[in-house]
Amino acid sequence: MARPRQPLLSRERIVTAALALVDAEGLDAVSTRRLATELGVSGPSLYNHVATKEELVDSVVDAVLSEVDTSMFARLGGDDRDWRTALAAWAESYRATLAAHPNIVPVVARGPGRRPHALQIADAVFGGLVAAGWSRREATRVGALMRYFVTGSALGSFAGGFPDDATVYEGNYAHLGQAHLLAERQQEINESAFAVGLESLLDGLELRYRTVTAGGDPSERVT
């Protein structure tokens with residue numbers, strides 16, 4: 001009787017298995033030995049598709065970033081300069097993608113490196129902002145600011161970081177009498193905080209945009 005054929009090993013299959021490990025156990029769980037076990041293959045066979053762990057992690061991160069929607073920037077330019085709506089939609093897509101895979105966020109926060117989808121995101125955001133009237137220098141700053149905000153919001157839960165034991169706060173922290181209730185409402189609090197932060201950032205950027213496009217100095221206070 002013929003033995004059942006083993007699924008063909010491919011880079012895509014390796015990356016999918018590695019992402020499942022990262023999501024479940026974190027980046028430190030990824031190793032050649034562990035992946036080979038998960039895939040039912042010999043360790044050396046993996047090196048035909050990925051040369052190093054660093055390359056594999058980059059591929060995992062880039063696969064996740066391929067899910068980020070940047071299509072809203074393609075329409076900017078000419079009569080359509082609604083960069084605010086585009087930034088808001090992109091930030092929400094970016095955060096949702098990272099929130100689904102929080103263990104990769106520390107790698108994302110280091111910058112795009114040579115990852116194709118990460119560079120495509122940067123290209124789309126920068127190109128859209130310039131097309132909408134931002135100067136190249138300002139577009140770079142805005143893109144960086146938004147990435148700081150989104151990746152920072154995805155690094156962890158503000159509300160979830162507070163112990164749910166009321167005795168931790170009693171008699172020690174006068175203003176944290178209700179802090180033990182935060183953890184059970186973490187999703188609501190985190191999402192509303194992100195919404196408030198995003199709106200506040202965009203409000204500030206609108207003021208800056210008007211100053212920049214009017215030929216003023218954005219380093220001066222805008223009133």
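Reader: How many cavities of 30 Å³ or more does the count come to?

Author: The count comes to 1 cavity of 30 Å³ or more, where a cavity is a set of points, on a 1 Å grid over the protein atoms alone, at which a 1.4 Å probe fits but cannot get out. This is a predicted model, in which local features need pLDDT of at least 70 and side-chain atom pairs count only at pLDDT 80 or more, while totals for chains, interfaces and linings use all residues. Residues are numbered from 1 along each chain as its sequence is written, and side-chain values use heavy atoms, with hydrogens and water left out.

Reader: What volume does the largest cavity have, and which residues line the largest cavity?

Author: The volume of the largest cavity is about 80 Å³, a volume being the space filled by probe spheres set on the grid points, which are joined across faces, edges and corners. Its lining, made of residues with an atom within 4 Å of a point, consists of Val30, Ser31, Thr32, Leu35, Leu46, Tyr47, Val50, Thr52, Lys53 and Leu56. Two or more of these residues come from each of helix H2 (32-39) and H4, helices being DSSP runs of H or I with at least four residues, numbered from the N terminus.

Reader: How do the residues of that lining divide by class?

Author: They divide into 6 nonpolar, 3 polar and 1 charged, with Ala, Val, Leu, Ile, Met, Phe, Trp, Tyr, Cys and Pro counted as nonpolar, Asp, Glu, Lys and Arg as charged, and the others, Gly among them, as polar.

Reader: Why is Val50 called buried?

Author: Buried means under 20% relative accessible area, found with a 1.4 Å probe on protein chains only, whereas exposed means over 50% and partly exposed lies in between; Val50 has a relative accessible area of 6% and therefore counts as buried. Its place is in the loop between helix H3 (43-46) and H4. Leaving aside residues up to four places away in sequence, Val50 touches Arg11, Ile14, Glu55 and Leu56, contact meaning heavy atoms within 4.5 Å. Ser10 is 40 residues from Val50 in sequence, and their C-alpha atoms are 9.7 Å apart in space.

Reader: What makes Ser93 and Ala86 count as buried?

Author: Ser93 has 17% relative accessibility and so counts as buried, and Ala86, at 0%, counts as buried too. Ser93 lies in helix H5, and Ala86 lies in helix H5 as well. With residues up to four places away in sequence not counted, Ser93 touches Glu67, Val68 and Asp69, while Ala86 touches Met72, Phe73, Arg75 and Leu76.

Reader: How much space lies in the largest pocket, and which residues are the closest to its centre?

Author: A pocket, unlike a cavity, is an open set of points with protein on both sides within 12 Å along at least five of seven lines, and the largest one holds about 330 Å³ of space. Of the 17 residues that line it, Ile121, Ala122, Gly143, Ala144 and Arg147 are the closest to its centre. Helix H5 (83-100), helix H7 (116-131) and helix H8 (136-154) each give two or more residues to this lining, which has 12 nonpolar, 3 polar and 2 charged residues.

Reader: What should the 16 residues of H7 span at 1.5 Å a residue, and how far apart are its end C-alpha atoms?

Author: The expected span is 1.5 Å times one less than the number of residues; for H7 it comes to 22 Å, and the end C-alpha atoms are 22 Å apart, which agrees.

Reader: Which residues of H7 are buried, and how do you know on which side of H7 they lie?

Author: The buried residues of H7 are Ala118, Ile121, Ala124, Val125, Gly128 and Leu129. They cover an arc of only 125° around the axis, so they are on the same side of H7, the arc being that of the directions from the helix axis to the C-beta atoms. What covers them includes helix H4 (53-65), H5 and H8.

Reader: What do the buried residues of H9 pack against?

Author: They pack against H5 and H8, and among them are Ile189, Phe194, Leu198 and Tyr209. Helix H9 takes in residues 186-213, and its 28 residues should span 40 Å, which agrees with end C-alpha atoms 40 Å apart.
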